[in-house]
Amino acid sequence: MRLLNSRSAIALVLAAAALGGCATGRTGNVLPPANFVGGSDAVGENYLIGASDELSIYVWRNPELSTRIAVRPDGRITTPLISDMVAVGKTPAQLAEDIRLVLNRYIQDPIVSVMVERPNGTFSQQIRIVGATARPAALPYRANMTLLDAMIAVGGLNEFAAGDRARLVRTDRETGQQRQYDLRIASLLRRGDVSANVRLEPGDVIIIPESMF
């Protein structure tokens, strides 16, 4: 989990406010309730490697070329025989194939596998939570993730939160348009209203205002 700095949090709050006016208003847009447990074990979309992800790179029968490494902030990795290869934005399979092509110059028919040991994901695959929560954070998205999962990860609401005036900002991947939805986080966490639990998608931003009183 990566904590958001104050400037990032402020920027997200201001951007959301600009989309729909006052942060304490309601949009009238709601999302359908989600099950507390995913209805199927289907995996999500292909995971894209992000900065700070920890990777295990295994080259069969070549332990000296195998390594565990973190993706640098610039999105690149350096491994034995390979320097400054871009990793961010690729799936593990794509990165493994790129490494294989380079190693093919030095060894015959290399077999390479890449595993993500500690994922953070790209920004487009994270769930970002800002405002009146215990720990504003950016969380790696996982398949079938719900609002309840995200709020547990950040420690719930703080004592000043107006959880039932929270908003979710979602970007349409095809059009690039942003839309806001009303959330009822206090109803979910404090009153156990299961209808307030909604399914999240990669790239969602959750904004929780403070109470006026």
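Q: Quick overview first: how many helices and strands does the protein have?
A: Four helices and eleven strands. Keep in mind that this is a predicted model.

Q: What about contacts between residues 24 or more positions apart?
A: Such pairs account for 61% of the contacts with a separation of 6 or more.

Q: Let's do helix 2. How many residues, and what's its reach from first C-alpha to last?
A: Helix 2 covers residues 92-103, so twelve residues by the DSSP run. Its C-alpha reach is 16 Å, close to the 16 Å expected at 1.5 Å a residue.

Q: Which residues of helix 2 are buried?
A: Leu 95, Ala 96, Ile 99, Val 102 and Leu 103. They sit on the same side of helix 2, because the arc they cover around the axis is only 125 degrees.

Q: What do those buried residues pack against?
A: Four strands: strand 2, strand 4 (76-79), strand 5 (82-86) and strand 6 (112-118).

Q: What does Thr 91 touch?
A: Leaving aside residues up to four places away in sequence, Thr 91 touches Asn 46, Tyr 47, Leu 48 and Ile 49.

Q: Switching to charges. How many salt bridges does the structure hold?
A: Twelve. One of them pairs Lys 90 with Asp 98, where the closest N and O atoms are 2.6 Å apart.

Q: Are Lys 90 and Asp 98 buried or partly exposed?
A: One of each: Lys 90 counts as buried at 16% relative accessibility, while Asp 98 is partly exposed at 25%.

Q: What does Asp 182 form a salt bridge with?
A: With Arg 26, and the closest N and O atoms are 3.9 Å apart. The pair links distant parts of the chain, 156 residues apart. Asp 182 is in strand 10 (residues 178-182), and Arg 26 is in the loop between helix 1 (6-20) and strand 2 (54-59).

Q: 3.9 Å, hmm. Why does that still count?
A: Because the cut-off is 4 Å between the side-chain nitrogen and the carboxyl oxygen, and the closest N and O atoms of Asp 182 and Arg 26 are 3.9 Å apart.

Q: How accessible are Asp 182 and Arg 26?
A: Asp 182 counts as buried, at 10% relative accessibility. Arg 26 is partly exposed, with a relative accessible area of 42%.

Q: Which residues are linked in a network of salt bridges?
A: Glu 54, Arg 68 and Arg 118. Within that, the side chains of Glu 54 and Arg 68 meet at 3.4 Å, N to O. Glu 54 is in strand 2 and Arg 68 in strand 3 (residues 67-70), 14 residues apart. Glu 54 counts as partly exposed, at 23% relative accessibility.

Q: How accessible are Leu 81 and Asp 84?
A: Leu 81 is partly exposed, with a relative accessible area of 45%. Asp 84 is partly exposed too, with 42%.

Q: Last one: how do strand 7 and strand 8 pair?
A: In the antiparallel sense, over four bridges, with strand 7 at residues 126-131 and strand 8 at residues 137-140. A hairpin of five residues joins strand 7 to strand 8. As for a bridge partner, Ile 129 has Ala 137 in strand 8.

Notes:
Residues numbered from 1 in each chain as written. Predicted model: local features only at pLDDT ≥ 70, side-chain atom pairs only at ≥ 80, totals over all residues. Heavy atoms only, no water. Pairing = 2+ DSSP bridges. Helix = DSSP H or I, 4+ residues; strand = E, 2+ residues; numbered from the N terminus. Buried < 20%, exposed > 50% of the residue type's maximum accessible area, 1.4 Å probe, protein only. Contact = heavy atoms within 4.5 Å. Expected span 1.5 Å × (residues − 1). Arc of directions from axis to C-beta.
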